[in-house]
Amino acid sequence: MGRRVPRHSFATPFDDEVQEKSGAQLFLAGNTRFRPESVTAYEVGSRTQAAAALSVSVAAFYNVYDDLRTIEPASSTVFTPLYWGNLMRGDTYGVEAWANWQATDWWRLSPGLTALHEQLRFKSGASGLLGLAQASDDPSSHATLTSSMDLSHRTTFDATLRYVGALPDPALAHYYEMDARLGWRPSRTLEVSLSGQNLLHARHSEFAAPTGEYITRSVIAEARWRF
């Protein structure tokens, strides 16, 4: 299967009307001539039933971006206020793969992998403020492994281990995390569950300082009654 899809986002009030000040000085202002970014996406892939208990899907993609957001000075002689500009373009490409394996009649494993490569560049006349990292600080790889178990006709246990690759700039190391859920349905109308997120670490960061915040481990107990 393959497809080519042109896509356009829409400018927002943040793009047109934002005003940020440093003291009394206007530091950043919206731009009424700001254009929404555009992307033309190409994708080709295949889905195969490799065996009765195994299905595999692989897709390659190539995206062409234009009018990506940049930050530009007021003029060549006046630095502030800064304005949004559209002086960046680039390409991203990569591969996505995932599978479902019914290991037994009560246990299913679902791995997934994404590999991404980005090539961004400024257009002629761009200031280059903040560098290319303002639009390209993304992990080059991401992987998951989900285990789904029917421990009995009333009890299920699901767990997902995920890997997120390192961020390039600002740099942040790769990390592993896991989410899990144990569910019990004692009747047709009642379900009780215990869920945990980010179970491998007490806390972790997904974006580098100073803007990044730590995400903490969490556990939730839930009961649902259906009438």
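## Basis of the model

The model is predicted, so local features need pLDDT of at least 70 and side-chain atom pairs count only at pLDDT 80 or more, while totals for chains, interfaces and linings use all residues. Residues are numbered from 1 along each chain as its sequence is written, and side-chain values use heavy atoms, with hydrogens and water left out.

## Salt bridges

The structure contains nine salt bridges, a salt bridge being a side-chain nitrogen of Lys or Arg within 4 Å of a carboxyl oxygen of Asp or Glu. One of them joins the side chains of arginine 35 and aspartate 67, with 3.0 Å from N to O. Arginine 35 lies in the loop between strand 3 (25-29) and strand 4 (38-51), and aspartate 67 in strand 5 (residues 54-72), so this pair ties together parts that are 32 residues apart in sequence. Helices (H or I, at least four residues) and strands (E, at least two) are DSSP runs, numbered from the N terminus. Arginine 35 is partly exposed, at a relative accessible area of 41%, whereas aspartate 67 is buried at 13% relative accessibility. Buried means under 20% relative accessible area, exposed means over 50%, and partly exposed is in between (1.4 Å probe, protein chains only).

Aspartate 66 forms a salt bridge with arginine 89, and the closest N and O atoms are 3.9 Å apart. Aspartate 66 is in strand 5 and arginine 89 in strand 6 (residues 82-104), so the pair ties together parts that are 23 residues apart in sequence. Both ends are partly exposed: aspartate 66 has a relative accessible area of 23%, and arginine 89 has a relative accessibility of 35%. A network of salt bridges links Arg35, Asp66, Asp67, Arg89 and Lys123. Another salt bridge runs between arginine 224 and glutamate 222, with the closest N and O atoms 3.1 Å apart. Arginine 224 is partly exposed at 44%, and glutamate 222 is partly exposed at 32%.

## Aromatic rings

There are four aromatic pairs. Rings of Phe, Tyr and Trp (its six-membered ring) pair if their centres lie within 6.5 Å; planes under 30 degrees apart count as stacked, over 60 as edge-to-face and the rest as tilted. The rings of tyrosine 163 and tyrosine 176 have centres 5.1 Å apart and planes at 50°, so this pair is tilted. The pair links distant parts of the chain, with tyrosine 163 in strand 9 (residues 155-164) and tyrosine 176 in strand 12 (residues 175-184), 13 residues apart. Tyrosine 163 is partly exposed at 23%, as is tyrosine 176 at 43%. Tryptophan 225 and phenylalanine 227 form an edge-to-face pair, 6.5 Å centre to centre with 70° between the planes, and both residues are exposed.

Some rings also have a charge over them (NZ of Lys or CZ of Arg within 6 Å of the ring centre and within 35 degrees of the ring normal). The charged end of arginine 69 sits over the ring of tryptophan 84, at 4.7 Å from its centre. Arginine 203 lies over the face of tyrosine 214, 4.0 Å from the ring centre.

Aspartate 137 is in the loop between helix 2 (133-136) and strand 8 (141-150). Aspartate 137 is buried but has no salt bridge, and the nearest side chain of opposite charge, arginine 69, is 15 Å away. For charge, Lys and Arg count as positive and Asp and Glu as negative; His and the chain ends are not counted. The side chain of aspartate 137 reaches the backbone nitrogen of aspartate 169 at 2.9 Å. This is a polar contact (a pair of N or O atoms within 3.5 Å; within protein, one must be able to donate a hydrogen and the other to accept it, and residues adjacent in sequence count only if both atoms are side-chain atoms).

Glutamate 177, in strand 12, is also buried and has no salt bridge; the nearest side chain of opposite charge, arginine 162, is 5.4 Å away. A polar atom of the glutamate 177 side chain lies 3.2 Å from the backbone nitrogen of leucine 199, and one lies 3.1 Å from the backbone nitrogen of leucine 200.
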